[in-house]
Amino acid sequence: MTRLLVVHHTPSPPTHALLEAVRDGTGADGIEGVEVVLRPALALTVPDVLDADGYLLGTPANFGYMSGALKHAFDTVYYPVLDATQGRPYGLWVHGNDDTAGAVRAVEKIVAGLGWERAQAPLEITGAPDREALDAAWELGAAMAAGLMET
Ligand SMILES: Cc1cc2nc3c(=O)[nH]c(=O)nc-3n(C[C@H](O)[C@H](O)[C@H](O)COP(=O)(O)O)c2cc1C
């Protein structure tokens, strides 16, 4: 069994809809042997990160950056997990009103420092998540979980 850790900041119904779509995708038909653990960014612990095989990060864009909650999560775990988690795969989704680029850049800088490997392109969603956005979130969850299936 491998474990996918979903670290998310979900402050509103639209962001919750995206989280649900991601989670549904991780349970797509044919995906087996992958345990999915959801952790609100504000509750993330070092063991959560050490005990996972891959990471899916979800955040709103706030002031051109990732949410303070996800930043807090990185501040909490960065050095304690730095040596042990190098090379593990990650995915990312960012939701914003109109500009998610700064948040994506900020997360990518930190995960590059951690040595995590980008497994999927970042998913950037602006405005109310429509069917297309929810489907993309589902696909992101499915692709990350599929990538962690043991061969
Ligand atoms: C303090 C604050 C700062 C924000 N900064 C940005 C921003 O820089 N770029 C952006 O696209 N959206 C920004 N937003 C919008 C949030 O990303 C958005 O509210 C969040 O993704 C939740 O979506 P919802 O408001 O549709 O529920 C900001 C929202 C708040 C409350």
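Student: Which of the 15 residues around the ligand come nearest?

Tutor: This is a predicted model, in which local features need pLDDT of at least 70, side-chain atom pairs count only at pLDDT 80 or more, and totals for chains, interfaces and linings use all residues. Numbering starts from 1 along each chain as its sequence is written. A residue counts as near if its C-beta atom, placed from the backbone, lies within 6 Å of the molecule. Nearest to the ligand come Ser 12, Pro 60, Ala 61, Gly 96 and Asn 97.

Student: Which element gives the largest share of the shell around the ligand?

Tutor: Helices (H or I, at least four residues) and strands (E, at least two) are DSSP runs, numbered from the N terminus. Two or more shell residues come from each of α1 (13-26), β3 (54-62) and β5 (89-96). The largest share, three residues, belongs to β3.

Student: How many residues of the shell around the ligand are charged?

Tutor: Asp, Glu, Lys and Arg count as charged; Ala, Val, Leu, Ile, Met, Phe, Trp, Tyr, Cys and Pro as nonpolar; the others, Gly among them, as polar. The shell has five nonpolar and eight polar residues, and its charged residues number two.

Student: In what order do the elements of the chain run?

Tutor: The chain has five helices and seven strands. From the N terminus on, the order is β-α-β-α-β-β-α-β-α-β-β-α.

Student: What percentage of the 151 residues is buried?

Tutor: Buried means 20 or more other C-beta atoms within 10 Å of the residue's own, exposed 12 or fewer, partly exposed in between; C-beta atoms are placed from the backbone. By that count, the buried part of the chain is 41%.
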